[in-house]
Amino acid sequence: MGSILRGAVQMLSKCSCACGHGYVEVSGSPVLRFKCHCTICQSVYGKPFADIVALRSNQVARPVSPVLQFRRHRLPPAVSRGTCSSCNKPVVGFLPLAPFFGLAFVPAENFPASVTLPEAALHTFYDRRVADVHDELPKISGYWTSQWAVSSRFMCGLMRR
């Protein structure tokens, strides 16, 4: 299933890992896209950085794919990351921020090609980078400054809607 957007019908996208067994269904438009260079993302994604699309957690339909295995890689507050039990690739992450509000993170590569994603807005945890990236995006270093950069841009993205 690709994406559907017509009139009052909300866009629904099936976002899946490369093997297709692990998936989530996402409604609405993504709020923010960024590239994370933290050591956890490097380990989970097996890449120098993760290309991540951020959404409101309620944009991800529940229940999620039964083959997802969730794990936190640090003490709360932390992202609970769901990986496919078949291919071990990341599918979705959830970060609860307040009762009834949180963020969801889906790898950009998991969206179907028919979905137009926003351009990446920044690099986070740039102090943990494996190699320099030569682009015009802001490069944010440090834990709290990276968290603030994503959170503030996410909230600004919500306000523009």
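The secondary structure of the chain comprises two helices and nine strands, where helices (H or I, at least four residues) and strands (E, at least two) are DSSP runs numbered from the N terminus. Along the sequence these elements follow the pattern β-β-β-α-β-β-β-β-β-β-α. The radius of gyration of the chain is 15 Å, close to the 15 Å that the globule rule gives for 161 residues, so the chain is as compact as a globular protein of that length. This radius is taken over C-alpha atoms, and the globule rule is 2.2 Å times the number of residues to the power 0.38. The model is predicted: local features need pLDDT of at least 70 and side-chain atom pairs count only at pLDDT 80 or more, whereas totals for chains, interfaces and linings use all residues. Residues are numbered from 1 along each chain as its sequence is written, and side-chain values use heavy atoms, with hydrogens and water left out.

The C-alpha trace spans about 40 × 40 × 35 Å along its principal axes. Of the 161 residues, 45% count as buried; buried denotes under 20% relative accessible area, exposed over 50%, and partly exposed the range in between (1.4 Å probe, protein chains only). The accessible surface of the chain amounts to about 8900 Å², of which carbon and sulfur atoms contribute 57%; the areas come from the Shrake-Rupley method with a 1.4 Å probe, and for residues only the protein chains shown count as cover. Among contacts (heavy atoms within 4.5 Å) between residues at least 6 apart in sequence, 52% join residues at least 24 apart. The chain carries 18 positive and 8 negative side chains, and the centres of the two sets lie 9 Å apart. In this count Lys and Arg are positive and Asp and Glu negative, with His and the chain ends not counted; each charge is placed at NZ of Lys, CZ of Arg, CG of Asp or CD of Glu.

Seven strands form an open sheet with mixed pairing, in the order S5-S6-S7-S8-S4-S3-S9. Strand S5 (68–72) and strand S9 (123–124) stand at the edges, each with a single partner strand, so one side of each is left without a neighbour in the sheet. Two strands are taken to pair if DSSP finds at least two bridges between them. In general, strands of a sheet pair through backbone hydrogen bonds, either parallel or antiparallel.

S5 and S6 pair in the antiparallel sense over five bridges, and leucine 68 has cysteine 84 in S6 as its bridge partner. Strand S6 (residues 80–84) is in turn joined by four bridges to strand S7 (residues 90–98), again in an antiparallel arrangement. In this pairing, serine 80 has phenylalanine 94 of S7 as its bridge partner, while glycine 82 stands opposite valine 92 in S7. S6 and S7 form a hairpin with five residues between them, and asparagine 88 in the turn has a positive phi of about 65 degrees. Five of the five residues of S6 are buried, so S6 is largely enclosed by the rest of the structure. Ser80, Gly82 and Cys84 point one way from the strand, and Arg81 and Thr83 point the other way.

S7 also runs antiparallel to strand S8 (residues 101–107), to which five bridges join it. Alanine 98 stands opposite phenylalanine 101 in S8. The hairpin of S7 and S8 has two residues between the strands, and phenylalanine 100 takes a positive phi near 70 degrees there.

Two residues of helix H2 (residues 143–159), methionine 159 and alanine 149, were examined. Methionine 159 is exposed, with a relative accessible area of 64%, whereas alanine 149 is buried, with a value of 5%. Not counting residues up to four places away in sequence, alanine 149 touches Leu122 and Ile140. The C-alpha atoms of alanine 149 and valine 64, 85 residues apart along the chain, are separated by 28 Å. For methionine 159 and alanine 121, 38 residues apart in sequence, the C-alpha to C-alpha distance is 16 Å.
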